[in-house]
Structures are given as structure tokens and as C-alpha cells.
Amino acid sequence: MDYFKEIKKKINEFCNNVPAKGFEINYLENAQEVLELYGQACAIVEEGKEENELQGIYEDIINLTEE
């Protein structure tokens, strides 16, 4: 699995969603964490590190975007 590609896909889906009424703050907090994780993923790809590091970030992003 191309985790970096899947990470970008999940982020795009997350950004295209409208937060539910009353959960706007939670959405923004999750968005901030997703942005930080995406930065880490970009660094991993640039450094050519192992795919399993991206898998952990991918799983974290899934947890944040599916709340």
C-alpha cells in the first residue's frame, strides 16, 4: 500500500467535509493534528525512511478524521 498516497486521500476527504454543528472546535483541533502529521509524513518521504513509519501516521490520521 502506498501510505503517503492514502494519507493525502484521507486528508482531502477530511477537508471536504463540513463539521457537524457544535463540533467545529473539535474539527479544527483535529485539523491541526492532521496538519502536523502530514508534515511528519512529508519529512519521512523526503528522507526516504521506511514505509512502516508512514503506516503509523496513516493510522493516526484515520483516527482523527473519522471522529
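Predicted model: local features only at pLDDT ≥ 70, side-chain atom pairs only at ≥ 80, totals over all residues.
**Figure 1. Helix α2 has the length its residue count calls for.** Helix α2 covers residues 24–47, and G48 follows it with a positive phi, near 70°.

**Figure 2. The whole chain is built from helices.** Welcome to the overview! The protein chain has three helices and zero strands, and from the N terminus on its elements run α-α-α. Helix α1 takes in residues 3–16, while helix α3 takes in residues 51–65. The C-alpha trace spans about 40 × 20 × 15 Å along its principal axes. Of the 67 residues in the chain, buried ones make up 30%. Among contacts with a separation of 6 or more, 69% join residues 24 or more positions apart.

**Figure 3. Helices α1 and α2 pack side by side.** Here is a handy idea for this view and others like it: two packed helices are described by the angle between their axes and the distance between the axes. For α1 and α2 the angle is about 160° and the axes are 11 Å apart. That angle makes α1 roughly antiparallel to α2. Their crossing is left-handed. From α1, the contact uses F4, I7, K8, I11, F14 and C15, and from α2 it uses Y27, N30, A31, V34, Y38, A41, C42 and V45. Sorted by class, these residues are 12 nonpolar, one polar and one charged.

**Figure 4. Helices α1 and α3 run roughly parallel.** Now turn to the pair made by α1 and α3. Their angle is about 15° and their axes are 9 Å apart, and α1 and α3 are therefore roughly parallel to each other. In passing α3, α1 makes a left-handed crossing. On the α1 side you will find Y3, F4, E6, I7, K10, I11 and F14, which meet E51, L54, Q55, I57, Y58, I61, I62, L64 and T65 of α3. This contact has 11 nonpolar, two polar and three charged residues.

**Figure 5. Helices α2 and α3 complete the set of views of helix pairs.** The angle between α2 and α3 is about 165°, with 10 Å between their axes. The two helices are therefore roughly antiparallel to each other, and α2 passes α3 in a left-handed crossing. Their contact brings N30, E33, V34, L37, Q40, A41, I44 and V45 of α2 together with E53, L54, I57, D60, I61, L64 and T65 of α3. Nine of these residues are nonpolar, three are polar and three are charged.

**Figure 6. The buried residues of α2 pack against both other helices.** Which residues of α2 are buried? They are Y27, N30, V34, L37, A41 and I44. These buried residues pack against α1 and α3.

**Figure 7. A41 is a buried residue of helix α2.** Let us zoom in on A41, which sits in helix α2. With a relative accessible area of 0%, A41 is buried, because buried means under 20%. Leaving aside neighbours within four places in sequence, A41 is in contact with F4, I7, L54 and I57. The C-alpha atoms of A41 and I57 are separated by 6.9 Å, although these residues are 16 apart along the chain.

Figure 8. T65 is found in helix α3. Its relative accessible area is 15%, and it is buried. Not counting residues up to four places away in sequence, T65 touches K10, F14 and V34.

Figure 9. Is N16 buried or exposed? N16, placed in helix α1, has a relative accessible area of 66% and is exposed. The C-alpha atoms of N16 and E6 are separated by 15 Å, and the two residues lie 10 apart along the chain.

Key
Residues numbered from 1 in each chain as written. Heavy atoms only, no water. Axes fitted to C-alpha atoms, helices over the stretch in contact; angles between N-to-C directions. Helix = DSSP H or I, 4+ residues; strand = E, 2+ residues; numbered from the N terminus. Parallel < 35°, antiparallel > 145°, perpendicular 65-115°, else oblique. Left-handed = near helix turned anticlockwise from the far one by under 90°. Contact = heavy atoms within 4.5 Å. Nonpolar A, V, L, I, M, F, W, Y, C, P; charged D, E, K, R; others polar. Buried < 20%, exposed > 50% of the residue type's maximum accessible area, 1.4 Å probe, protein only.
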